[in-house]
Amino acid sequence: NLDKLLVEGFVHKILRRMALELERELDERWQSLQLLNECLVGLRFNEESARQIIAPLRQLHMYRSKLKGHASESEPRELEAAARSEFGDLRKHFRELCSACSESLRVVTTAFAAGK
């Protein structure tokens, strides 16, 4: 549900229009996160910084894809084991991911507000 709210909450047409106004070359197949990345680059973030800003949102989206039917049988267990190994438990992992997504959104909204 968090992915639906954060990632699917971006308005694809607006991001595409903004990226074009920022003179970015786009691929018709790109979805919200890549368009968001292009907007940040158009707002003078370097490629690596833009990638790092969007990374928590990409990670969140990947979890949704992998855990909601687009993964092998073992992949959800592997993701859970990796999260437990790195964070100790799933609750801490979720909180860390939420915090990282919140910071990403803060940077994006500040950049968009300053860029207009």
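Which handedness, left-handed or right-handed, does the crossing of α3 and α4 have? I will come to that pair in a moment, after a few words on the model as a whole.

What we have here is a predicted model, in which local features need pLDDT of at least 70 and side-chain atom pairs count only at pLDDT 80 or more, while totals for chains, interfaces and linings use all residues. Residues are numbered from 1 along each chain as its sequence is written, and side-chain values use heavy atoms, with hydrogens and water left out.

The mean pLDDT, the predictor's confidence in each residue on a scale from 0 to 100, is 91 for the protein, and 97% of its residues reach 70 or more. Confidence is highest in α3, at 98, and lowest in helix α5 (residues 75-87), at a mean of 83.

The secondary structure consists of six helices and zero strands, where helices (H or I, at least four residues) and strands (E, at least two) are DSSP runs numbered from the N terminus. The C-alpha trace spans about 45 × 25 × 25 Å along its principal axes. Of the 116 residues, 32% are buried, and by buried I mean under 20% relative accessible area, with exposed being over 50% and partly exposed in between, using a 1.4 Å probe and protein chains only.

Now to the pair. Helix α3 (residues 32-42) packs with helix α4 (residues 47-67) at an angle of about 160 degrees, their axes being 9 Å apart; axes are lines fitted to C-alpha atoms, for helices over the stretch in contact, and angles run from 0 to 180 degrees between N-to-C directions. The two helices are therefore roughly antiparallel to each other, the term for angles over 145 degrees. To answer the opening question, the crossing is right-handed, which is to say that the near helix is turned clockwise from the far one by less than a right angle.

The contact, meaning heavy atoms within 4.5 Å, is made by residues including L33, L36 and L40 of α3 and A50, I54 and L57 of α4. The residues of this contact divide into eight nonpolar, three polar and three charged.

Let me finish with L33, which lies in helix α3 and which, at 8% relative accessibility, counts as buried. Leaving aside residues up to four places away in sequence, L33 touches V7, I54, L57, R58 and H61. The C-alpha atoms of L33 and R58 are separated by 7.1 Å, although the two residues are 25 apart along the chain.

Conventions:
Parallel < 35°, antiparallel > 145°, perpendicular 65-115°, else oblique. Nonpolar A, V, L, I, M, F, W, Y, C, P; charged D, E, K, R; others polar.
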